[in-house]
Amino acid sequence: MAFPRRLLLLGAAALPVAARGQDKPADHAHEPPAATPAPTLTPTGAEAPRQRQAAPPDAYVYIGWPQDRQVIYGTRFKLWFGTRNFGVAPAGVSKANTGHHHLLIDVDLPDLNKPIPNDRNHLHFGLGQTETMLELPPGTHTLQLLMGDADHVPHDPPVMSKRITITVRPGKPQAVSARSAP
Ligand SMILES: [Cu+2]
C-alpha cells in the first residue's frame with residue numbers, strides 16, 4: 001500500500017553537520033589542518049546523506065514470532081515484534097530513542113543513510129504497529145526488522161533484529177485473531 005513519505009528532504013539540505021561547526025582551528029601548529037573529515041559513509045546516489053538519529057547502543061529489536069528456522073504451515077500467518085531499550089513511535093513523530101518498525105523480506109539491509117525503501121520487500125509500520133499478518137508464498141524466506149526514525153531513516157547505530165529464515169509450507173491457515181495488516 002502506498003505510504004506517505006513524509007518530508008523526506010526536510011532538513012537534509014538545510015541542516016549543517018552538527019557539532020563540528022563551532023570548532024575553530026586553534027594555535028596547534030603541529031596539527032594538520034582541519035581538513036574535511038574523512039567520509040565514513042559513501043553515499044552512491046544523488047541524494048545527500050542524511051543525518052541519522054542516535055540510538056542507544058543497547059537498543060535492540062527482535063522478532064517474537066516466528067522463530068528462526070521455523071516451519072510454518074499455511075501461507076498466512078501472524079508475526080509480532082518487540083523492542084528493548086527503545087520505544088515505538090509513529091512515522092512523522094520525532095522523539096529521541098524511538099522509531100517505527102520495518103520488516104525486510106527476502107532482502108539484504110538497505111542503504112542505512114537513506115530512507116528505507118517502501119515496497120513489497122520493505123514493509124513500513126508507520127502507525128507504530130508491533131504485529132502484522134504476513135502472506136508469503138511457500139518456500140524459504142528471510143525476515144529482518146529495522147527501525148526507522150520519523151523520516152524512515154535508520155538510526156545510528158542501526159536498531160535491527162537478527163535476520164531469521166523461515167520455511168512456509170502450504171497448509172491449513174492457522175487460527176488467528178489478529179488485527180489487520182498495516
Ligand atoms: Cu518507515
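**View 1. Asn97 and Ala96 lie in the loop between β4 and β5.**
Asn97 is partly exposed, with 16 other C-beta atoms within 10 Å. A residue is called buried if 20 or more other C-beta atoms lie within 10 Å of its own, exposed if 12 or fewer, and partly exposed in between, with C-beta atoms placed from the backbone. The model is predicted: local features need pLDDT of at least 70, side-chain atom pairs count only at pLDDT 80 or more, and totals for chains, interfaces and linings use all residues. Residues are numbered from 1 along each chain as its sequence is written. Asn97 has a positive phi of about 60° although it is not a glycine. Ala96 has 11 other C-beta atoms within 10 Å and is therefore exposed. The C-alpha atoms of Ala96 and Ala55 are separated by 8.0 Å, and these residues are 41 residues apart along the chain.

**View 2. Asn85 also has a positive phi.**
The value is about 60°, and Asn85 is not a glycine. Most residues other than glycine have a negative phi. Asn85 is in the loop between β3 (76–84) and β4 (87–88). Because Asn85 has 13 C-beta neighbours inside 10 Å, Asn85 counts as partly exposed.

Most peptide bonds are trans. Pro66 is in the loop between β1 (60–65) and β2 (71–73). Pro157 is found in the loop between β9 (139–145) and β10 (164–169).

**View 3. The protein has 10 strands and zero helices.**
Helices (H or I, at least four residues) and strands (E, at least two) are DSSP runs, numbered from the N terminus. From the N terminus on, the elements run β-β-β-β-β-β-β-β-β-β. Of the 182 residues of the protein, 25% count as buried. Two residues are in contact if their C-beta atoms, placed from the backbone, lie within 7 Å. Among contacts with a separation of 6 or more, 73% are between residues 24 or more positions apart.

**View 4. Three strands form an open sheet in the order β1-β3-β8.**
The pairing in this sheet is antiparallel; two strands pair if DSSP finds at least two bridges between them. β1 and β8 stand at the edges with a single partner strand each, so one side of each is left without a neighbour in the sheet. Neighbouring strands are turned by 35° against each other on average, direction ignored. The angles are taken between N-to-C directions and run from 0 to 180 degrees; axes are lines fitted to C-alpha atoms, for helices over the stretch in contact. Five bridges join β1 to β3. In this pair, Val61 stands opposite Thr83, and Ile63 stands opposite Phe81. β3 and β8 (residues 131–135) also pair over five bridges, with Arg76 opposite Glu135.

**View 5. Side chains alternate along β3.**
Phe77, Leu79, Phe81 and Thr83 point to one face and are buried.

**View 6. Five strands form an open sheet in the order β2-β10-β9-β6-β7.**
The pairing here is mixed. The edge strands are β2 and β7 (122–124), each of which pairs on one side only. The twist averages 30° from one strand to the next. β9 and β10 run antiparallel and are joined by five bridges. Thr142 stands opposite Thr165 in β10.

**View 7. The largest nonpolar core has 22 residues.**
A nonpolar core is a set of buried Ala, Val, Leu, Ile, Met, Phe, Trp, Tyr and Cys residues joined through C-beta atoms within 7 Å. Val61, Leu145, Leu146, Val159 and Met160 have the most contacts inside this core. β1, β3, β6 (102–105), β9 and β10 each supply at least two residues of the core. β3 gives the most, with three residues. Not counting residues up to four places away in sequence, Leu146 touches His102, Leu104, Leu109, Ile116, Pro154, Pro158 and Met160. In soluble globular proteins, nonpolar side chains tend to be buried together.
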